[in-house]
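Please find below my comments on the structure that you sent for review. They are set out as numbered points.

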Amino acid sequence: MSRLMPKPKRNLITESNPKSPISEGYRMLRTNIEFSTVDDKLQIIMVTSSKPGEGKSTTSANLAVAFAQANKKVLLIDADLRKPSLHRIFQKSNRLGLTTALFKQKELADVIMVSDTENLFLVPAGPTPPNPSELLSSKQMHALLEAIRDAYDVVIIDTPPILSVTDAQIVATQSDGVVLVVDSGKVKKDMALKAKASLEHVNARLIGVVLNNINRKQSDSYYYYYGEREEA
Ligand SMILES: Nc1ncnc2c1ncn2[C@@H]1O[C@H](COP(=O)(O)OP(=O)(O)OP(=O)(O)O)[C@@H](O)[C@H]1O
Ligand SMILES: [Mg+2]
């Protein structure tokens with residue numbers, strides 16, 4: 001019997017097909033982020049959306065691959081402790097992860113996993129805790145992110161939907177910038193504006209909006225625009 005080829009990772013098109021137009025879209029998003037600030041540090045980037053299922057995890061994963069492909073040392077963290085999915089996208093175990101490190105059951109180094117993309121490392125969410133918001137706002141989380149800053153060029157953090165639970169707002173206060181994914185088929189303008197307001201409420205910096213699912217029937221295509229946060 002012939003050896004099976006490794007299964008391509010669903011949802012990780014930047015890895016499986018870097019030349020596709022969709023991968024090019026993720027590279028454009030990366031470039032827009034890279035150029036969105038000249039002076040300010042933009043190292044920890046959080047990805048969120050208003051509602052569930054808009055494409056946060058898919059965007060986080062592909063954006064992380066796109067940065068790694070540009071020779072940045074990247075750490076991708078699954079901070080959606082309630083509904084983790086990055087381990088599935090990267091075909092890794094979720095037995096150890098962010099929660100394990102925050103509860104100090106393991107050292108951070110022990111929960112960082114290598115990926116199939118050079119320069120890209122993953123921290124899965126780990127076992128779901130009873131108190132995700134508390135854990136994300138803990139001193140340990142702050143300390144962990146500070147330690148990570150010294151070791152990686154870019155940190156991408158996947159989070160739960162911002163209008164469902166406070167977790168994303170909590171992580172936003174610890175991030176340098178936020179990317180908001182909007183499923184144009186699912187989310188009306190007022191929802192997206194509410195999400196934007198929740199970010200502004202905690203003084204987060206919205207660095208870009210990803211319009212996902214513009215026309216899924218035609219091409220699953222993406223369109224991005226980037227915008228600075230409007231000053232009040
Ligand atoms: N542009 C796209 N084209 C086609 N399918 C997509 C696209 N973006 C996301 N999907 C699909 O939509 C589903 C939800 O995507 P994903 O898991 O990335 O969303 P999410 O916002 O992280 O969801 P959750 O709120 O459950 O964490 C997945 O099955 C994913 O494959
Ligand atoms: Mg998700």
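The points below take up the basis of the model, the ligand, an aromatic pair and several individual residues.

1. Basis of the model. The model is predicted, with local features requiring pLDDT of at least 70 and side-chain atom pairs counted only at pLDDT 80 or more, whereas totals for chains, interfaces and linings use all residues. Residues are numbered from 1 along each chain as its sequence is written, chains are lettered from A and ligands numbered from 1 in the order in which they are written, and side-chain values use heavy atoms, with hydrogens and water left out.

2. Surroundings of the ligand. Ligand 1 has 15 residues around it, of which G53, K56, T58, K83 and N212 come nearest; a residue is near a molecule if one of its heavy atoms lies within 4 Å of it. By class, this shell holds seven charged, six polar and two nonpolar residues. Here Asp, Glu, Lys and Arg count as charged, Ala, Val, Leu, Ile, Met, Phe, Trp, Tyr, Cys and Pro as nonpolar, and the others, Gly among them, as polar. Helix 3 (residues 56-69) gives the most to the shell, with three residues. Helices (H or I, at least four residues) and strands (E, at least two) are DSSP runs, numbered from the N terminus.

3. Polar contacts of the ligand. A polar contact to the ligand is a pair of N or O atoms within 3.5 Å. An oxygen atom of ligand 1 is 2.7 Å from an N or O atom in the side chain of K83. For N11, the distance from a side-chain N or O atom to an oxygen atom of ligand 1 is 2.9 Å. G53 takes part through a polar backbone atom, 2.8 Å from an oxygen atom of ligand 1. Taken alone, ligand 1 exposes 630 Å², and the protein buries 79% of that; the areas come from the Shrake-Rupley method with a 1.4 Å probe.

4. The aromatic pair. Rings of Phe, Tyr and Trp (its six-membered ring) pair if their centres lie within 6.5 Å, and planes under 30 degrees apart count as stacked, over 60 as edge-to-face and the rest as tilted. The count by this rule is one aromatic pair. The ring centres of F121 and Y152 are 6.0 Å apart and their planes meet at 65°, so the pair is edge-to-face. It links distant parts of the chain, 31 residues apart: F121 is in strand 4 (residues 120-123) and Y152 in the loop between helix 8 (139-151) and strand 5 (154-158).

5. A lysine over both rings. The charged end of K73 sits over the ring of Y152, 4.7 Å from its centre, and also over the ring of F121, 5.9 Å from its centre. The criterion is that NZ of Lys or CZ of Arg is within 6 Å of the ring centre and within 35 degrees of the ring normal.

6. Accessibility of the pair. Which of these rings belongs to a buried residue? Y152 counts as buried, at 10% relative accessibility, while F121 is partly exposed at 21%. Buried means under 20% relative accessible area, exposed over 50%, and partly exposed in between (1.4 Å probe, protein chains only).

7. Positive phi values. Q91 has a phi near 55°, a positive value in a residue other than glycine. Q91 lies in the loop between helix 4 (86-89) and helix 5 (98-102). The phi of K104 is near 60°, and K104 is placed in the loop between helix 5 and helix 6 (108-111).

Note on methods: A polar contact is a pair of N or O atoms within 3.5 Å; within protein, one must be able to donate a hydrogen and the other to accept it, and residues adjacent in sequence count only if both atoms are side-chain atoms.
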